[in-house]
Structure formats: C-alpha cells, structure tokens
Amino acid sequence: MGRPAQISRTTVLDAALALADEQGLAAVTMAAVAARLGVTPMALYRHVSNKDDLLDGLVEALLTEIPPPPDDLPWQDRLRHLATGVRRSAARHPSVFPLLLQRPAATEEARQVRDRVCAALREAGLDDERAARAERLISTAVLGFAAGEAAGRFDHHAQDVRDADFAFLLDALHAFVR
C-alpha cells in the first residue's frame, strides 16, 4: 500500500495561482510549484501532465472561481453576472488574468463557463453556430476590458467612470445579441 497523496490537482493549481499572483506568470514553473508545495517536481506529474496542462489548469482556476449565476435569471442577467465575475477575477489576479486572452478553455471545468454563456445566448434566440460566434466575441470584449482595467489602463479614471464604462459595454453587448 502506497503513501497517501500529499497533493491534489486542486492544491497544485492553488499553489501555481498563488505563485503567479505573488511573482508573476513567468515564475510559474513545475519546479517552483513543486518547491512551494514541498514536493519533488515529479510529484506534480500525477496531477498535471506538463507545463501546458498546468497553464490550462490556471485558466480553469480563474474561470471556476466565478460563481455560476442562478439558472432562473433571465439570459441577459446571467451574462451580466458572468461578466462581472470575470472583471472581479481580473482584479484579484492581474498578472495571471492575461492567460484567458492567450489560451482557450481547454479543461472540462473551464468549458462549463463558456457553455453557460452559449446556453444564455441560445435562450436569447441564437442558433448554435451564432451562439458560439457571439460567445467568442462577447468573451473577447469582456476579457479585454477586464484585462486592461486590471493592468492599470484606466487608472486615470475614477472608479465610477470605469463602472459606467463597463455597464455601457455590457449594454452594447446585449444590443449586439438582440
């Protein structure tokens, strides 16, 4: 009988996210994550297959920290809820957040967030192909705003101006869908 696992996929991803938050995304290596957890780098390979899988896991961690909206909300409110969650995630993890603009949602858990957006868009009346296209465009707009804000692009504006800009973006995206 082997030793009980000291780590799990969740602890590996949590350690990688904390490392990236503290030292930047470039600091996230298999060796650095292993050192943070007090294990050998080989111990990580039971939970992530390689660095790309680790980065995909960080995308998953960012997306799954966004609480899912209640199913009984109208589609536009569900999209607003998700977009607001994305913005909060960017504010919490500004140095990691650009990964969402660089890597697709590759894990099943990460794809569930994308699927929620597509489901809301289908409820709005879009067919599967148009819902998928609209999801890509809407996600890019929301991610871009959130990443820019988290990087300090809008720091010369007061918070109420940034909030109004974000509300305007969401209203424009709603109009785009309709």
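Q: At what angle do helix H4 and helix H7 pack, and how far apart are their axes?
A: This is a predicted model. Helix H4 covers residues 51-64 and helix H7 covers residues 108-123. The two pack at an angle of about 45°, and their axes are 8 Å apart.

Q: Is H4 roughly parallel, roughly perpendicular or oblique to H7?
A: Angles under 35 degrees count as roughly parallel, and 65 to 115 as roughly perpendicular. The angle between H4 and H7 is about 45°. Therefore H4 is, relative to H7, oblique.

Q: Is the crossing of H4 and H7 left-handed or right-handed?
A: The contact of H4 with H7 is made by Glu60, Leu63 and Thr64 on the H4 side and by Glu109, Ala110 and Val113 on the H7 side. These residues divide into three nonpolar, one polar and two charged. The crossing of the two helices is left-handed.

Q: Is arginine 78 buried or exposed?
A: Arginine 78 lies in helix H5, residues 75-92. Its relative accessibility is 9%. Buried means under 20%, so arginine 78 counts as buried.

Q: With which side chain does the side chain of arginine 78 make a polar contact?
A: Neighbours within four places in sequence aside, arginine 78 is in contact with residues including Pro69, Pro70, Ala119 and Ala120. A polar atom of the arginine 78 side chain also lies 2.7 Å from the backbone oxygen of leucine 73. The side-chain partner, at 2.9 Å, is glutamate 123.

Terms used:
Residues numbered from 1 in each chain as written. Predicted model: local features only at pLDDT ≥ 70, side-chain atom pairs only at ≥ 80, totals over all residues. Heavy atoms only, no water. Axes fitted to C-alpha atoms, helices over the stretch in contact; angles between N-to-C directions. Helix = DSSP H or I, 4+ residues; strand = E, 2+ residues; numbered from the N terminus. Parallel < 35°, antiparallel > 145°, perpendicular 65-115°, else oblique. Left-handed = near helix turned anticlockwise from the far one by under 90°. Contact = heavy atoms within 4.5 Å. Nonpolar A, V, L, I, M, F, W, Y, C, P; charged D, E, K, R; others polar. Buried < 20%, exposed > 50% of the residue type's maximum accessible area, 1.4 Å probe, protein only. Polar contact = N/O pair within 3.5 Å; in protein donor to acceptor, adjacent residues only side chain to side chain.
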